[in-house]
Amino acid sequence: MVTRDVFLFSETQSSNWWHDIDVSPLWQDLIFHVLAALYGIVSAIALVQLVRIQLRVPEYGWTTQKVFHFLNFLVNGVRCSVFIFRRDVQQLQPEIVQHILLDLPSLAFFTTYALLVLFWAEIYYQARAVSTDGLRPSFYTINAVVYIVQIALWLILLWKPVSVLAIMSKVFFAGVSLFAALGFLLYGGRLFLMLQRFPVESKGRRKKLQEVGYVTTICFSCFLVRCVMMCFNAFDKAADLDVLDHPILNFIYYLSVEILPSSLVLFILRKLPPKRGISQYHPIR
(Lines give C-alpha, C1' and ligand atoms only; values in the text may rest on other atoms or scores of the structure.)
Protein backbone atom coordinates (compact mmCIF):
# COMPACT_ATOMS: atom_id res chain seq x y z
CA MET A 1 0.00 0.00 0.00
CA VAL A 2 2.84 2.34 0.95
CA THR A 3 4.69 1.48 -2.26
CA ARG A 4 1.59 2.26 -4.35
CA ASP A 5 1.13 5.61 -2.58
CA VAL A 6 4.78 6.53 -3.19
CA PHE A 7 4.40 5.61 -6.88
CA LEU A 8 1.23 7.71 -7.24
CA PHE A 9 2.91 10.63 -5.45
CA SER A 10 5.99 10.48 -7.73
CA GLU A 11 3.75 10.22 -10.82
CA THR A 12 1.78 13.27 -9.68
CA GLN A 13 4.97 15.21 -9.02
CA SER A 14 6.29 14.27 -12.46
CA SER A 15 3.12 15.47 -14.20
CA ASN A 16 3.08 18.63 -12.06
CA TRP A 17 6.51 19.88 -13.17
CA TRP A 18 5.62 19.30 -16.84
CA HIS A 19 2.34 21.19 -16.38
CA ASP A 20 4.05 23.98 -14.42
CA ILE A 21 6.50 24.57 -17.26
CA ASP A 22 3.76 24.41 -19.90
CA VAL A 23 1.65 27.13 -18.25
CA SER A 24 4.55 29.39 -17.30
CA PRO A 25 4.98 32.36 -19.72
CA LEU A 26 8.61 32.62 -18.59
CA TRP A 27 9.35 29.00 -19.52
CA GLN A 28 7.37 29.31 -22.75
CA ASP A 29 9.43 32.30 -23.89
CA LEU A 30 12.69 30.66 -22.79
CA ILE A 31 12.04 27.40 -24.65
CA PHE A 32 10.84 29.14 -27.82
CA HIS A 33 13.86 31.47 -27.76
CA VAL A 34 16.19 28.47 -27.33
CA LEU A 35 14.54 26.90 -30.39
CA ALA A 36 15.01 30.19 -32.28
CA ALA A 37 18.71 30.25 -31.33
CA LEU A 38 19.22 26.63 -32.45
CA TYR A 39 17.48 27.28 -35.77
CA GLY A 40 19.58 30.42 -36.21
CA ILE A 41 22.79 28.42 -35.71
CA VAL A 42 21.76 25.76 -38.25
CA SER A 43 20.75 28.48 -40.73
CA ALA A 44 24.13 30.22 -40.32
CA ILE A 45 26.01 26.93 -40.82
CA ALA A 46 24.06 26.24 -44.04
CA LEU A 47 24.82 29.76 -45.32
CA VAL A 48 28.54 29.47 -44.52
CA GLN A 49 28.69 26.12 -46.33
CA LEU A 50 26.85 27.59 -49.33
CA VAL A 51 29.36 30.44 -49.54
CA ARG A 52 32.28 27.99 -49.23
CA ILE A 53 30.89 25.86 -52.09
CA GLN A 54 30.38 28.95 -54.26
CA LEU A 55 33.94 30.11 -53.61
CA ARG A 56 35.27 26.64 -54.42
CA VAL A 57 33.40 26.21 -57.74
CA PRO A 58 32.13 29.66 -58.80
CA GLU A 59 32.10 28.67 -62.47
CA TYR A 60 29.08 26.40 -61.97
CA GLY A 61 25.60 27.77 -61.42
CA TRP A 62 22.96 26.60 -58.98
CA THR A 63 23.92 22.94 -58.61
CA THR A 64 21.82 20.56 -56.51
CA GLN A 65 24.33 20.89 -53.67
CA LYS A 66 24.06 24.69 -53.64
CA VAL A 67 20.25 24.68 -53.80
CA PHE A 68 20.12 22.15 -50.95
CA HIS A 69 22.22 24.37 -48.69
CA PHE A 70 20.32 27.51 -49.70
CA LEU A 71 16.98 25.87 -48.85
CA ASN A 72 18.40 24.74 -45.50
CA PHE A 73 19.46 28.33 -44.81
CA LEU A 74 16.02 29.61 -45.80
CA VAL A 75 13.92 27.05 -43.87
CA ASN A 76 15.92 27.35 -40.66
CA GLY A 77 16.07 31.14 -40.95
CA VAL A 78 12.27 31.40 -41.26
CA ARG A 79 11.81 29.00 -38.32
CA CYS A 80 14.19 31.15 -36.27
CA SER A 81 12.15 34.28 -37.01
CA VAL A 82 8.83 32.57 -36.22
CA PHE A 83 10.07 31.33 -32.83
CA ILE A 84 11.56 34.70 -31.92
CA PHE A 85 8.10 36.23 -32.38
CA ARG A 86 6.17 33.08 -31.34
CA ARG A 87 3.94 34.92 -28.84
CA ASP A 88 3.05 37.55 -31.46
CA VAL A 89 2.34 34.84 -34.04
CA GLN A 90 -0.17 33.27 -31.64
CA GLN A 91 -2.16 36.53 -31.59
CA LEU A 92 -2.58 36.76 -35.37
CA GLN A 93 -6.08 36.58 -36.78
CA PRO A 94 -7.65 34.80 -38.54
CA GLU A 95 -6.26 31.67 -36.88
CA ILE A 96 -5.35 30.08 -40.20
CA VAL A 97 -2.54 32.66 -40.57
CA GLN A 98 -0.89 31.12 -37.50
CA HIS A 99 -1.07 27.65 -39.10
CA ILE A 100 0.41 28.96 -42.35
CA LEU A 101 3.39 30.57 -40.60
CA LEU A 102 4.02 27.39 -38.60
CA ASP A 103 3.40 24.88 -41.41
CA LEU A 104 4.88 26.60 -44.48
CA PRO A 105 8.50 26.00 -43.30
CA SER A 106 7.57 22.32 -42.89
CA LEU A 107 6.58 22.19 -46.56
CA ALA A 108 9.86 23.88 -47.51
CA PHE A 109 11.69 21.33 -45.31
CA PHE A 110 10.01 18.55 -47.32
CA THR A 111 11.15 20.17 -50.59
CA THR A 112 14.70 20.57 -49.26
CA TYR A 113 15.12 16.90 -48.44
CA ALA A 114 13.10 15.67 -51.42
CA LEU A 115 15.84 17.39 -53.43
CA LEU A 116 18.37 15.09 -51.75
CA VAL A 117 16.25 12.07 -52.76
CA LEU A 118 16.23 13.42 -56.33
CA PHE A 119 20.01 13.80 -56.25
CA TRP A 120 20.49 10.20 -55.13
CA ALA A 121 17.96 8.90 -57.67
CA GLU A 122 19.87 10.65 -60.46
CA ILE A 123 23.17 9.15 -59.28
CA TYR A 124 21.61 5.69 -59.01
CA TYR A 125 20.04 5.70 -62.48
CA GLN A 126 23.07 7.30 -64.14
CA ALA A 127 25.29 4.58 -62.65
CA ARG A 128 22.96 1.97 -64.16
CA ALA A 129 22.95 3.77 -67.53
CA VAL A 130 19.21 4.49 -67.22
CA SER A 131 17.72 7.75 -68.50
CA THR A 132 17.06 10.35 -65.80
CA ASP A 133 15.01 12.67 -68.03
CA GLY A 134 11.78 12.02 -66.16
CA LEU A 135 13.13 12.50 -62.62
CA ARG A 136 13.16 16.29 -62.42
CA PRO A 137 9.68 16.73 -63.97
CA SER A 138 8.42 14.17 -61.43
CA PHE A 139 10.12 16.09 -58.61
CA TYR A 140 8.50 19.36 -59.70
CA THR A 141 5.11 17.70 -60.20
CA ILE A 142 5.11 16.06 -56.75
CA ASN A 143 6.08 19.32 -55.06
CA ALA A 144 3.48 21.29 -57.05
CA VAL A 145 0.73 18.82 -56.04
CA VAL A 146 1.76 18.97 -52.36
CA TYR A 147 1.77 22.78 -52.31
CA ILE A 148 -1.46 23.14 -54.30
CA VAL A 149 -3.38 20.72 -52.04
CA GLN A 150 -2.04 22.32 -48.85
CA ILE A 151 -2.76 25.87 -50.07
CA ALA A 152 -6.26 24.79 -51.14
CA LEU A 153 -6.91 23.42 -47.63
CA TRP A 154 -5.67 26.70 -46.11
CA LEU A 155 -7.92 28.77 -48.38
CA ILE A 156 -10.95 26.64 -47.52
CA LEU A 157 -10.13 27.01 -43.81
CA LEU A 158 -9.81 30.76 -44.30
CA TRP A 159 -13.23 30.86 -45.96
CA LYS A 160 -14.92 28.47 -43.53
CA PRO A 161 -12.98 27.35 -40.41
CA VAL A 162 -14.05 23.75 -39.84
CA SER A 163 -12.29 21.44 -37.42
CA VAL A 164 -12.58 18.50 -39.83
CA LEU A 165 -10.62 20.42 -42.48
CA ALA A 166 -7.93 21.32 -39.92
CA ILE A 167 -7.60 17.61 -39.13
CA MET A 168 -7.45 16.78 -42.85
CA SER A 169 -4.66 19.34 -43.31
CA LYS A 170 -2.56 17.70 -40.58
CA VAL A 171 -3.29 14.18 -41.82
CA PHE A 172 -2.32 15.26 -45.35
CA PHE A 173 1.02 16.52 -44.09
CA ALA A 174 1.50 13.28 -42.15
CA GLY A 175 1.04 11.48 -45.47
CA VAL A 176 3.55 13.78 -47.18
CA SER A 177 6.07 13.01 -44.42
CA LEU A 178 5.51 9.27 -44.82
CA PHE A 179 6.01 9.64 -48.58
CA ALA A 180 9.35 11.41 -47.96
CA ALA A 181 10.44 8.70 -45.50
CA LEU A 182 9.68 5.99 -48.07
CA GLY A 183 11.57 7.98 -50.72
CA PHE A 184 14.70 7.98 -48.57
CA LEU A 185 14.28 4.28 -47.82
CA LEU A 186 13.84 3.45 -51.51
CA TYR A 187 16.59 5.51 -53.15
CA GLY A 188 18.96 5.74 -50.18
CA GLY A 189 18.66 1.97 -49.77
CA ARG A 190 19.19 1.34 -53.48
CA LEU A 191 22.25 3.60 -53.64
CA PHE A 192 23.66 2.02 -50.48
CA LEU A 193 23.28 -1.52 -51.87
CA MET A 194 24.75 -0.47 -55.21
CA LEU A 195 27.82 1.03 -53.52
CA GLN A 196 28.12 -2.05 -51.33
CA ARG A 197 28.29 -4.28 -54.41
CA PHE A 198 30.81 -2.00 -56.13
CA PRO A 199 33.79 -4.27 -57.03
CA VAL A 200 36.61 -1.77 -56.36
CA GLU A 201 37.48 -1.33 -52.69
CA SER A 202 38.68 2.20 -51.90
CA LYS A 203 38.64 4.80 -49.15
CA GLY A 204 36.29 7.01 -51.21
CA ARG A 205 33.82 4.16 -51.67
CA ARG A 206 33.79 3.41 -47.93
CA LYS A 207 33.23 7.07 -47.06
CA LYS A 208 30.42 7.41 -49.60
CA LEU A 209 28.83 4.20 -48.29
CA GLN A 210 28.87 5.55 -44.73
CA GLU A 211 27.56 8.94 -45.89
CA VAL A 212 24.59 7.44 -47.73
CA GLY A 213 23.85 5.00 -44.89
CA TYR A 214 23.91 7.67 -42.18
CA VAL A 215 21.88 10.24 -44.11
CA THR A 216 19.28 7.65 -45.18
CA THR A 217 18.83 6.48 -41.58
CA ILE A 218 18.60 10.02 -40.20
CA CYS A 219 16.16 11.32 -42.82
CA PHE A 220 13.96 8.21 -42.86
CA SER A 221 13.71 8.35 -39.05
CA CYS A 222 12.96 12.09 -38.87
CA PHE A 223 10.19 11.97 -41.49
CA LEU A 224 8.68 8.85 -39.93
CA VAL A 225 8.65 10.50 -36.48
CA ARG A 226 7.09 13.61 -38.05
CA CYS A 227 4.38 11.45 -39.65
CA VAL A 228 3.51 9.80 -36.32
CA MET A 229 3.59 13.11 -34.42
CA MET A 230 1.36 14.83 -36.99
CA CYS A 231 -1.20 12.04 -36.60
CA PHE A 232 -1.23 12.57 -32.83
CA ASN A 233 -1.35 16.33 -33.42
CA ALA A 234 -4.42 15.92 -35.62
CA PHE A 235 -6.51 13.81 -33.24
CA ASP A 236 -5.22 14.52 -29.72
CA LYS A 237 -5.50 18.02 -28.20
CA ALA A 238 -2.84 17.09 -25.63
CA ALA A 239 -0.38 16.69 -28.54
CA ASP A 240 -1.29 20.02 -30.23
CA LEU A 241 1.89 21.68 -31.52
CA ASP A 242 0.28 24.95 -32.65
CA VAL A 243 -0.29 26.41 -29.18
CA LEU A 244 1.86 28.35 -26.72
CA ASP A 245 1.15 26.17 -23.70
CA HIS A 246 2.91 23.05 -25.03
CA PRO A 247 6.51 24.36 -25.07
CA ILE A 248 8.16 21.09 -23.94
CA LEU A 249 6.35 19.11 -26.64
CA ASN A 250 7.33 21.74 -29.22
CA PHE A 251 10.96 21.57 -28.10
CA ILE A 252 11.10 17.76 -28.34
CA TYR A 253 9.27 17.73 -31.68
CA TYR A 254 11.25 20.40 -33.52
CA LEU A 255 14.55 19.24 -32.06
CA SER A 256 13.97 15.64 -33.18
CA VAL A 257 12.41 16.21 -36.62
CA GLU A 258 14.23 19.31 -37.91
CA ILE A 259 17.11 20.72 -35.84
CA LEU A 260 19.06 17.53 -35.09
CA PRO A 261 18.49 15.91 -38.52
CA SER A 262 19.49 19.12 -40.35
CA SER A 263 22.58 19.56 -38.19
CA LEU A 264 23.70 15.96 -38.66
CA VAL A 265 23.07 15.95 -42.42
CA LEU A 266 24.93 19.25 -42.91
CA PHE A 267 27.84 17.82 -40.91
CA ILE A 268 27.90 14.55 -42.88
CA LEU A 269 27.66 16.39 -46.23
CA ARG A 270 30.22 19.03 -45.26
CA LYS A 271 32.80 17.92 -47.85
CA LEU A 272 33.42 20.56 -50.52
CA PRO A 273 33.56 19.68 -54.22
CA PRO A 274 37.11 19.50 -55.63
CA LYS A 275 38.62 22.63 -57.13
CA ARG A 276 38.59 22.91 -60.88
CA GLY A 277 41.78 21.57 -62.37
CA ILE A 278 42.45 19.14 -59.52
CA SER A 279 39.81 16.67 -60.68
CA GLN A 280 36.83 16.71 -62.94
CA TYR A 281 33.67 18.01 -61.26
CA HIS A 282 30.39 17.04 -62.86
CA PRO A 283 27.50 18.73 -61.08
CA ILE A 284 24.10 17.13 -61.50
CA ARG A 285 21.81 19.94 -62.57
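Ring pairs join F68, F109, Y113, W120, F184 and F223 into a cluster. The structure is a predicted model, in which local features require pLDDT of at least 70 and side-chain atom pairs count only at pLDDT 80 or more, while totals for chains, interfaces and linings use all residues. Residues are numbered from 1 along each chain as its sequence is written, and side-chain values use heavy atoms, with hydrogens and water left out.

Aromatic pairs were defined between rings of Phe, Tyr and Trp (its six-membered ring) with centres within 6.5 Å; planes under 30 degrees apart count as stacked, over 60 as edge-to-face and the rest as tilted. By this rule, the count is 16 aromatic pairs. In one of them, formed by F68 and Y113, the ring centres are 5.3 Å apart and the planes lie at 85°, so the arrangement is edge-to-face. Because F68 belongs to helix α3 (residues 64-84) and Y113 to helix α5 (residues 95-127), this pair ties together parts that are 45 residues apart in sequence. Helices here are DSSP runs (H or I, at least four residues), numbered from the N terminus. F68 is buried at 5% relative accessibility, and Y113 is likewise buried, with a relative accessible area of 1%. The term buried denotes under 20% relative accessible area, with exposed over 50% and partly exposed in between (1.4 Å probe, protein chains only).

Y113 also pairs with F109: the two ring centres are separated by 4.7 Å and the planes by 40°, so this pair is tilted. Both residues of the F109 and Y113 pair are in helix α5, four residues apart, or about one turn of the helix. F109 and Y113 are both buried.

Charged groups were also found over aromatic rings, a contact that requires NZ of Lys or CZ of Arg within 6 Å of the ring centre and within 35 degrees of the ring normal. The charged end of R86 is placed over the ring of F32, at 5.6 Å from its centre. R270 lies over the face of F267, with a distance of 4.1 Å to the ring centre.

A disulfide is a covalent bond between the sulfur atoms of two cysteines, identified here as a pair of cysteine sulfur atoms within 2.5 Å. A search of the whole structure returned zero disulfides. C219 is in no disulfide, its nearest cysteine sulfur being that of C222, 5.5 Å away. C219 is buried, with a relative accessible area of 1%. For C227, the closest cysteine sulfur is in C231, at 4.7 Å, which is too far for a bond. C227 counts as buried at 10% relative accessibility.

How values were computed. Helices (H or I, at least four residues) and strands (E, at least two) are DSSP runs, numbered from the N terminus.
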